[in-house]
Amino acid sequence: HPRETQKKFSAYTPKALIYFAAKYNLPVIEDAKDLDAFDVVFFSLHCFRDFYLVARMAHHKRKGQEWIAGGNACATPASVGWVMDYVYVGDCRGSFARIVAGEREMPGMYDPRYPDRSVRYVDEDITPEPLTASEIEVSKGCPRRCLFCVHPWRHRYQEAPQEAVEEFIRTRPGKGVGLVSNSGDDVSYDGALADLLTKTGKTNMIVSNSIQGLTEEVVSQRKREMLLGAEGMSERLRWIVNKPISREMLREKIDLCLRHGRQIRTVYQLNLPGEEARDFDELEGDVAFFRERYKSGSWSLPFIPNQPSAHTPFQWVVPRYSIPMLDRVMEFRKSLFGSNKTGLALYSPAPLGPRKWFAQVIAEWLPITPAVADAVERIPERADVPTMVSALASRGVKLPAAFLVRERDTVFPWSNIVTTGDDADKWKRFDGMTRKLASRRFQGE
């Protein structure tokens, strides 16, 4: 592996791949043609795009060779079970040595020969062992329970021992450290870490904050870009997904960051349930407010198409992709070009288009074989979900009926994978959202 010699990896290389390769002295394969030299191959599948990469290299698997997958995307293991001999589901730091030693019958191991057998998602206790030479996991899970997010529904919220994290900061060479956490300000000792970083002259290179947790002290101590998950374009959309951030609070926190000269990135979602043009009107109003207020600064506004995720309350949400809303986002994006020449520098990257988004969505529902991957490449690039479902069916790939009609008792392709996190009653949360959608408050009456 060329980058292995240089100890350099892409920013998008799964951390698990780097971690396990280094800890167990395993070679990292970059060219699929080199797979033949190994009897056992481990795949770190970080996202659903990786399922399509596996489909493209499946013909390299030789007779007698064992393929084993793990990683964040493997909570829906049937999608790669057609080519894998085993799929490990959940956290693997405490189990990987046993797998390398040849153990296969163990908690978290999905065996495609028994596709309906129940498998419990492994939610390990957090460990203070560093992930890399410069990164350590400070917390896992999330106490906030946003309905669309995988973190609170697959993992308990846990924090690493404070003394171990502080020792890591003190002893790492260089000025940059990575304190891995879903939201740093949720960590009970975050203030102490901020003080230690200032005292040692170091910077946390991985900064993600809850909007509610931003304070004058937090923002003044941060040196990196501030990443804020606004998610809903409007206050009412944030309310229905259990992210109760008022418009007033959002403006207050953005103002706080810009006033301190911080670069900010506010992440929004497209296609949330109940989304309408008036929701984007509110977002545009917020942007106009700050363009008038600030004549310098930097603000990035990426839009991510919502992907209803397995093992969350959103697994009952029928996926949708609004072409009119995509067009509006693209027009908004164009309106920001050149903003740095006249005042506040604003940037919005192009969101993922319908076909690429749809490819990721169906990767939880179908085995992603070479035939399926070929069919996906031939569906329209710009179309709504029913049109893409029909286009796929015309090429011999049929999605289950439940893909477009989901009920409380729907049996999902991942229903045999058991997750609990901090709250096992996902349906109750989804049902609460549907009642909010029908409420007078949401309708604006």
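**Cysteines, rings, strands and a pocket**

Trainee: How far is the sulfur of C47 from the closest cysteine sulfur?
Mentor: The closest cysteine sulfur to that of C47 belongs to C74. A disulfide is a pair of cysteine sulfur atoms within 2.5 Å. The C47 sulfur is too far from its closest partner for a bond, at a distance of 11 Å.

Trainee: What kind of model is this?
Mentor: Residues are numbered from 1 along each chain as its sequence is written, and side-chain values use heavy atoms, with hydrogens and water left out. Local features need pLDDT of at least 70 and side-chain atom pairs count only at pLDDT 80 or more, while totals for chains, interfaces and linings use all residues, since the model is predicted.

Trainee: How many disulfides does the structure hold?
Mentor: C74 is in no disulfide, and its nearest cysteine sulfur, that of C92, is 10 Å away. For the structure, the number of disulfides is zero.

Trainee: Is C74 buried or exposed?
Mentor: Buried means under 20% relative accessible area, exposed over 50%, and partly exposed in between, with a 1.4 Å probe and protein chains only. C47, at 19%, is buried. C74 has 1% relative accessibility, so it counts as buried.

Trainee: Which residue of β2 stands opposite F43?
Mentor: Two strands pair if DSSP finds at least two bridges between them. β1 and β2 (residues 66–70) are parallel, with five bridges. The residue opposite F43 is A69.

Trainee: What is the strand order of the open sheet of three strands?
Mentor: β6 (135–137) and β10 (203–204) are the edge strands, each pairing on one side only. β6 pairs with β9 (residues 176–180) over three bridges in the parallel sense, and I136 faces L179 in β9. With parallel pairing, the order is β6-β9-β10.

Trainee: Why is the pair F20 and F96 called stacked, and what is the angle of its planes?
Mentor: Rings of Phe, Tyr and Trp (its six-membered ring) pair if their centres lie within 6.5 Å; planes under 30 degrees apart count as stacked, over 60 as edge-to-face and the rest as tilted. The search of the whole structure finds 25 aromatic pairs. The centres of F20 and F96 are 4.1 Å apart, and the pair is stacked because the planes stand at 25°.

Trainee: How is the pair F303 and F332 classed?
Mentor: F303 is in strand β15 (residues 303–305) and F332 in helix α13 (residues 323–335), 29 residues apart. F303 is buried at 4% relative accessibility, as is F332 at 3%. The ring centres are 6.2 Å apart and the planes are at 90°, so the pair is edge-to-face.

Trainee: What is the volume of the second largest pocket?
Mentor: On a 1 Å grid over the protein atoms alone, a pocket is an open set of points where a 1.4 Å probe fits, with protein on both sides within 12 Å along at least five of seven lines; lining residues have an atom within 4 Å of a point. Among the lining residues are R49, Y52, R355 and E377. Volume is the space filled by probe spheres set on the points, with points joined across faces, edges and corners. For this pocket the space is about 340 Å³.

Terms used: Helix = DSSP H or I, 4+ residues; strand = E, 2+ residues; numbered from the N terminus.
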